[in-house]
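The following paragraphs walk through the charged side chains of one protein model and then through a few contacts between its helices. Please keep the structure open while reading.

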Amino acid sequence: MTSTTSTTSTTSLDVTGARTSEAADAITGARERIDALDDRIIGLVQERMAVSAVIQDSRIASGGRRVNLSREMDVLGHYRDALGRPGTSLAMTLLELCRGRI
């Protein structure tokens, strides 16, 4: 029994959905930049989570509540003002990552 192996080559045009090699190159470069930005954003979110943990621990140790709702409203407003309505959703996600669900 003989088996044949089909080799399929994936080009940058296939991967990017572009119709020209110039556009594919631009898209590939931009995607690499986005990947690098995403890595930085993830690192910053992780740093924010650590700082938030220090704040929560200090607040609880002093007899306070884990969550300060007026501060959270400030954060929500800041993101909404900077990014529009989707900023509020982003801020809610960050708050949940940093303080957990309430």
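R80 counts as partly exposed, at 43% relative accessibility; the class runs between buried, which is under 20% relative accessible area, and exposed, which is over 50%, with a 1.4 Å probe and protein chains only. The areas themselves come from the Shrake-Rupley method, and for residues only the protein chains shown count as cover. R80 forms a salt bridge with D81, and the closest N and O atoms of the pair are 3.9 Å apart. A salt bridge here is a side-chain nitrogen of Lys or Arg within 4 Å of a carboxyl oxygen of Asp or Glu.

The model is predicted: local features need pLDDT of at least 70, side-chain atom pairs count only at pLDDT 80 or more, and totals for chains, interfaces and linings use all residues. Residues are numbered from 1 along each chain as its sequence is written, and side-chain values use heavy atoms, with hydrogens and water left out.

How many salt bridges does a search of the whole structure find? The search finds three. One of them joins E96 and R101, with 3.3 Å between the closest N and O atoms. E96 is partly exposed at 34% relative accessibility, and R101 is exposed at 67%.

Another salt bridge is formed by the side chains of R99 and E72, at 2.7 Å from N to O. R99 lies in helix α4 (residues 85-99) and E72 in helix α3 (residues 69-83), so this pair ties together parts that are 27 residues apart in sequence. Helices are DSSP runs of H or I with at least four residues, numbered from the N terminus. Are the two partners buried or exposed? R99 counts as buried at 10% relative accessibility, and E72 is buried with a relative accessible area of 10%.

S52 is found in helix α2 and touches C98 and R99, not counting residues up to four places away in sequence; contact means heavy atoms within 4.5 Å. S52 is buried, at 14% relative accessibility. Q56 has its place in helix α2 and, with the exclusion of residues up to four places away in sequence, touches R66, C98 and R99. Q56 counts as buried at 11% relative accessibility.

What does L97 touch, not counting residues up to four places away in sequence? L97, which lies in helix α4, touches V45 and M49. The C-alpha atoms of L97 and Q46 are separated by 9.0 Å, although the two residues are 51 residues apart along the chain. L97 is partly exposed, with a relative accessible area of 46%.

The last topic is a surface patch. E32, D35, D38 and D39 form a negative one. Patches are made of residues with over 30% relative accessible area and no salt bridge; like charges are joined within 9 Å, and nonpolar side chains (Val, Leu, Ile, Met, Phe, Trp, Tyr) within 5 Å. Asp and Glu count as negative and Lys and Arg as positive, while His and the chain ends are not counted. The place of a charge is taken as CG of Asp, CD of Glu, NZ of Lys or CZ of Arg.

Methods
Accessible areas come from the Shrake-Rupley method with a 1.4 Å probe; for residues, only the protein chains shown count as cover. Helices (H or I, at least four residues) and strands (E, at least two) are DSSP runs, numbered from the N terminus.
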